[in-house]
4 protein chains.
Amino acid sequence: MVIVMNDRATDKDVELVTGNLTRMGLGVHVSRGAERVIIGVIGDVRKVSPEIVESYPGVERAVRILEPYKLASRKVRSTPTVVDCCGVQVGGREVVLIAGPCSVENLSMTLETARAARSGGAAMLRGGAFKPRSSPYSFQGLGLEGLEILAQARGETDLPVVTEVMAPEQVEIVAAHADMLQIGARNMQNFNLLQEVGRQRKPVMLKRGMMASVDEWLQAAEYVLAYGNMQVVLCERGIRTFETQTRFTLDLSAVPVVKKLTHLPVIVDPCHGTGKRDLVAPMAMAAVAAGADGIIIEAHPDPETALSDGPQSLRLEQISGLSASLSHIAAAIGRCMHPALPQGSLSRPQACPKPAQMVAPTQDSGVRGC
Amino acid sequence: MVIVMNDRATDKDVELVTGNLTRMGLGVHVSRGAERVIIGVIGDVRKVSPEIVESYPGVERAVRILEPYKLASRKVRSTPTVVDCCGVQVGGREVVLIAGPCSVENLSMTLETARAARSGGAAMLRGGAFKPRSSPYSFQGLGLEGLEILAQARGETDLPVVTEVMAPEQVEIVAAHADMLQIGARNMQNFNLLQEVGRQRKPVMLKRGMMASVDEWLQAAEYVLAYGNMQVVLCERGIRTFETQTRFTLDLSAVPVVKKLTHLPVIVDPCHGTGKRDLVAPMAMAAVAAGADGIIIEAHPDPETALSDGPQSLRLEQISGLSASLSHIAAAIGRCMHPALPQGSLSRPQACPKPAQMVAPTQDSGVRGC
Amino acid sequence: MVIVMNDRATDKDVELVTGNLTRMGLGVHVSRGAERVIIGVIGDVRKVSPEIVESYPGVERAVRILEPYKLASRKVRSTPTVVDCCGVQVGGREVVLIAGPCSVENLSMTLETARAARSGGAAMLRGGAFKPRSSPYSFQGLGLEGLEILAQARGETDLPVVTEVMAPEQVEIVAAHADMLQIGARNMQNFNLLQEVGRQRKPVMLKRGMMASVDEWLQAAEYVLAYGNMQVVLCERGIRTFETQTRFTLDLSAVPVVKKLTHLPVIVDPCHGTGKRDLVAPMAMAAVAAGADGIIIEAHPDPETALSDGPQSLRLEQISGLSASLSHIAAAIGRCMHPALPQGSLSRPQACPKPAQMVAPTQDSGVRGC
Amino acid sequence: MVIVMNDRATDKDVELVTGNLTRMGLGVHVSRGAERVIIGVIGDVRKVSPEIVESYPGVERAVRILEPYKLASRKVRSTPTVVDCCGVQVGGREVVLIAGPCSVENLSMTLETARAARSGGAAMLRGGAFKPRSSPYSFQGLGLEGLEILAQARGETDLPVVTEVMAPEQVEIVAAHADMLQIGARNMQNFNLLQEVGRQRKPVMLKRGMMASVDEWLQAAEYVLAYGNMQVVLCERGIRTFETQTRFTLDLSAVPVVKKLTHLPVIVDPCHGTGKRDLVAPMAMAAVAAGADGIIIEAHPDPETALSDGPQSLRLEQISGLSASLSHIAAAIGRCMHPALPQGSLSRPQACPKPAQMVAPTQDSGVRGC
């Protein structure tokens, strides 16, 4: 942190600042220029907020130089983290497509969607059992029954399952059934929940809050990392702006920004980000072109009757077309899709020859259900 | 809901829409105009989203006429709700000031602040025991110890206590110690938490999410009401915009907007809303002028060393000046502050002669600790 | 400006920075701390953008300490500027109400509105002759004919007139007819227009762009000041956010923020800021409570048939009620309204006893038409 | 437009609405449902604002069904408009790269940049002669001298030139020197300027305002079209949001949204949209993947000393790399770059075999300077 005193600051003001910082165990370096005194602060300043320091008498400005997160930072770990979810690797050279219904409505539609996802080229299955809904009168999800249906769909299709967990007390049961735990946008700063998913060992997909800055998003990831779980996948899903043509504004520039700041993988959700089926394919392609490690979409056998998010869900027959389009974009930037041969085969050949510099995926040998 | 078909819609398209709605138990009224077919929908359309209907073939636009909330609506209850918290009434003719530290740091600073709040004219004490913090490395609050300190401060000053609850499993313990439960901005759409505070009987203060529209805010209130707790106080605390001179943009127009839509009381938090001590007094006065039922502020014996939110906390000696300023504004609009005589007296005379049309405060006789 | 080099910066990197700044005529002060080099820059750094400096190799962060404006800054002129418009002083102890139709539609409705403004307590008349409209198919204003109608209304009511100027080539004709020139929100960064109104001598009302930060707003004012016109009144009129209950979000915190940064007066437009008639009075009162020097509103004899902005225009009979409400708020904060006695009298007694510290209003003796 | 009356509306309320609309020459169709009256309005309702109608007594909601623009709408012209600028076609199957300095600083750097643009694969040259700057103390452009330098660069490289025009009185001189006229983001609603460029015949590039909705952007385009100039290229350049990691938030979803609503071509400016050189390539690739018809970038021989926008300008040697990357993305979606062979050759072969359904480019035979 660098602190700039104003031009009326007295020696006493300077001493108040340096004294307080020293008492907090930080080092200070005072530089007296022609017009102003500048104080450099040395040590772990993460616990000192610039706003606090700026409220001291005589302080003009306090600027944090280091990011407010540590384990999530590229400065701490320069090689990209590859999150392994039952053999599907997110953050490596391959781009993954995750597909499935917004809500698990019943066994039959879930199985039908899972099969279409599998044959359409998806690497993982998504589906909501616990559903956060703006209105208390909307369908709230099947809960435990939904988790069991998802497990059954995985059994049949061999697709690892990602599903949302909404409250700390649900973490254990969700982790027992699913392969990756999703934190929804509205819970991005539900810190008790972040701590709880940080304490267990399944990979976590952390959606960006619709009003969260990139800094806050990475600090939310830091919660999970700090509690011991290093397997975090970030997911951009649109931020709230004044524009009403789309449900949210998909912030694709967040993809290269985040790639530069952190070693964690980042995927994109073009369905929630736009709210309109027609925009899913162009924005998914754009996301891969921008460097996203994966795409997560909603699909439904009959979107018109879906209990949630119908307007932004793809029809099942659209999955394979999207998958093919993404393959072309991936190839254009020197990546490929995983799995490479989705034509009904349950085997997933590794089409991308792994380059030498690829990081070895973290072993997650104890994962149940894959 | 009114559904406008597009100019290429076929009879089959119209039938698909009316058939689906009828199966959901709704009535339809089809009107064939010169150019377009318009379908009026009758019944409780809260569970049907306009976006879903707009994704049907042939539909140009679907417009919800009723608000997506019911118990919170002025249409269901036209008289204002007065929330009674241990004799302090929020939402009546009197304007209340709630003051206290951002975080409960220890017994001594809490008592000192509570006494200053009391003598400065505050009607209630605020203070954080469980603290939501953006960074896992920031002070996270004293937890249970903090709750006990707050109860002790209430015992000495007779000020009812409001404090934040962050997770469903904390509701019971917080409700056992505090007189009003605060849902923080970042938890406004933590639906499991909303349900849990809806199930208990202490009053709830629901802060507006920094990214929440007024509609979403009232739907969040609807969760609490729908689970049985009608004692909800809304709190505007700033929304996120592009402006960086203030920490958030305090949306004071939300006060008259909300007053028109709902019968619930609404208060304003000018400390979080601006992030700067200098702006607290003018924005608090503006809030009362705009019709707010109360003001909640942060105060600290030594803001420079506060563990959180120091820059936006008032000094203790500023409370009474703010209180006096608010009294003048309240008088200018025909209201008054409660309590009327804060000069060290523990009795709180009712200075506002209650007009005949005032709603009788809901009895909350069983509240513990007052 | 303070420049913080990163921890990998070489001596050559430091020399590149200091060399470039020195060549621009700026002084530098290099401080080598334990971990980083910090460079203080001395002189007029307004022409150097921090973003430019941050793009130099080895630079971690460049922070501007001084505001990017000079003549508008409180640091250059600490006493408030009082703008005198034909004897109506904006920015002194008195609060002014400016009222009139959005568009000048014809002579009759303009006279009727001007008379109602006069008797209702307004100090100035507003009205649009040149109208910026989002759609080319909307009513575009009467142009020169509108200016002449406004002049006629001034002749009858003795109210100074403020009206919008939309293009550099209109400045001369508008200045010949009106007493204050308004720059609309959509033209806040129309720099050619700002220069042109800066070159003439009538006072200028500068509306904040709906997307403009406070910094950009004050830089826009700086254009006018820098071209020689020191008579600038700022006008907050709402910024664009995600909230749709109001047309814009009126940023009242901008009032005390701006008061701290600049000596220029600031008024508030609650009609455009909210877009709804019902919200005008509460937000106008809130604005005065927050410290605004005036309120500008739209009024119309028959808002239902207005050619523009009907939904947010007051009915004529509402003006005096608003005026009375504002008087009460003004009194509550130690100010008063101008004129004090609006009951049909053309004389305007100075009700506020001028305190000794009041700045003498700038003489504007040559103004035509008052 | 469809008007929904509220449940307390009287027959007189309905008559007021229908009477007013009929007097405006519109047809009405009244439908009386079980609970409410619904009024369908027939005819050109572009001049009637829903907000006006909603302010009538008894009206619950008024909904515009048609877009507020006409000539710009896909409903009026379903085939894409291909804007021809001296043989470079924007909006066809080929994707164009436009490159050049932010500001024309002098002849030498402009020629050097133009040559690099040419050999790097750009189809057009950009460069600012009249510069809109937030601060009056920043470099304001070379003006006429800049225009002449641009013309000289075109003479040498054969690249058509696009440059900004800032005021109505500049239109003639800019049109005499340049091949395409740019309207900057801050002037998107400078309606006098839009009318003026609508009256001349050079193609126009209309940047989206940083706070403009897509609807307002297309209405701004409508101004140009309505005044007779059908050669409009839209340019997305980032909107303002709360995120500060990027200068603006590039709204790539606007590309497919706009493509669906209008027949006009749309290009993307990733330099202004992000403000950071490192983000230009990924966002340019993403833009092409999303369907953009072109990319406009800033380049400079020595960005560190650029007089404006240095941090977001590419180095000259980066142009050809970007161009190659874009070619791969274009190929992945079945398009190609124009020109196909940029290796120093002045001939531009048409690499994309024109499909049969391609629209014939509008002839612009009289254009000077190509």
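Axes are lines fitted to C-alpha atoms, for helices over the stretch in contact, and angles run from 0 to 180 degrees between N-to-C directions. In this predicted model, helix H10 (residues 277-289) of chain B and helix H10 (residues 277-289) of chain C cross at roughly 155 degrees, and their axes come within 7 Å. Angles over 145 degrees count as roughly antiparallel, and H10(B) is therefore roughly antiparallel to H10(C). The crossing of the two helices is right-handed. On the side of H10(B), the contact is formed by B:Met285, B:Ala286 and B:Ala289, and H10(C) contributes C:Met285, C:Ala286 and C:Ala289. By class, this contact of H10(B) with H10(C) comprises six nonpolar residues, with no polar and no charged ones.

Helix H6 (residues 191-199) of chain B packs on helix H7 (residues 214-226) of chain B at an angle of about 40 degrees, and the axes are 7 Å apart. H6(B) and H7(B) are therefore oblique to each other, and H6(B) passes H7(B) in a right-handed crossing. From H6(B), the residues B:Phe191, B:Leu194, B:Gln195, B:Val197 and B:Gly198 meet B:Ala220, B:Tyr223, B:Val224 and B:Ala226 of H7(B). The contact of H6(B) with H7(B) divides into seven nonpolar, two polar and no charged residues.

Chain D is superposed on chain A by a rotation of 180 degrees with 0.0 Å of shift along its axis, at an RMSD of 0.0 Å. In chain D, the C-alpha nearest this axis belongs to D:Ala286, 2.0 Å from it. The same surface serves both copies, as 100% of the contact residues of chain D recur in chain A.

In this contact, 32 residues of chain D touch 32 residues of chain A. Helix H8 (254-261), helix H10 (277-290) and helix H11 (319-332) of chain D are the elements that give two or more residues to the side of chain D that touches chain A. H10(D) gives the most to that side, with eight residues.

Chain D and chain B are related by a rotation of 180 degrees with 0.1 Å of shift along its axis, and the superposition has an RMSD of 0.1 Å. This is therefore the relation of a two-fold axis. Of the residues of chain D, D:Phe242 comes closest to the rotation axis, its C-alpha lying at 2.1 Å. Here too one surface serves both copies: 100% of the contact residues of chain D recur in chain B.

The contact between these two chains takes 19 residues from chain D and 19 residues from chain B. Strand S1 (2-5), strand S2 (27-32), strand S3 (37-42) and strand S4 (59-63) of chain D each supply at least two residues of the side of chain D that touches chain B.

Finally, the domain assignment of chain A gives domain 1 (2-11 + 21-63) and domain 2 (83-338). The centres of domain 1 of chain A and domain 2 of chain A, taken over C-alpha atoms, are separated by 43 Å.

Key:
Residues numbered from 1 in each chain as written. Chains lettered and ligands numbered in written order. Predicted model: local features only at pLDDT ≥ 70, side-chain atom pairs only at ≥ 80, totals over all residues. Least-squares fit on C-alpha atoms with pLDDT ≥ 70 in both. Contact = placed C-beta atoms within 7 Å. Domains from an automatic or database assignment. Helix = DSSP H or I, 4+ residues; strand = E, 2+ residues; numbered from the N terminus. Parallel < 35°, antiparallel > 145°, perpendicular 65-115°, else oblique. Left-handed = near helix turned anticlockwise from the far one by under 90°. Nonpolar A, V, L, I, M, F, W, Y, C, P; charged D, E, K, R; others polar.
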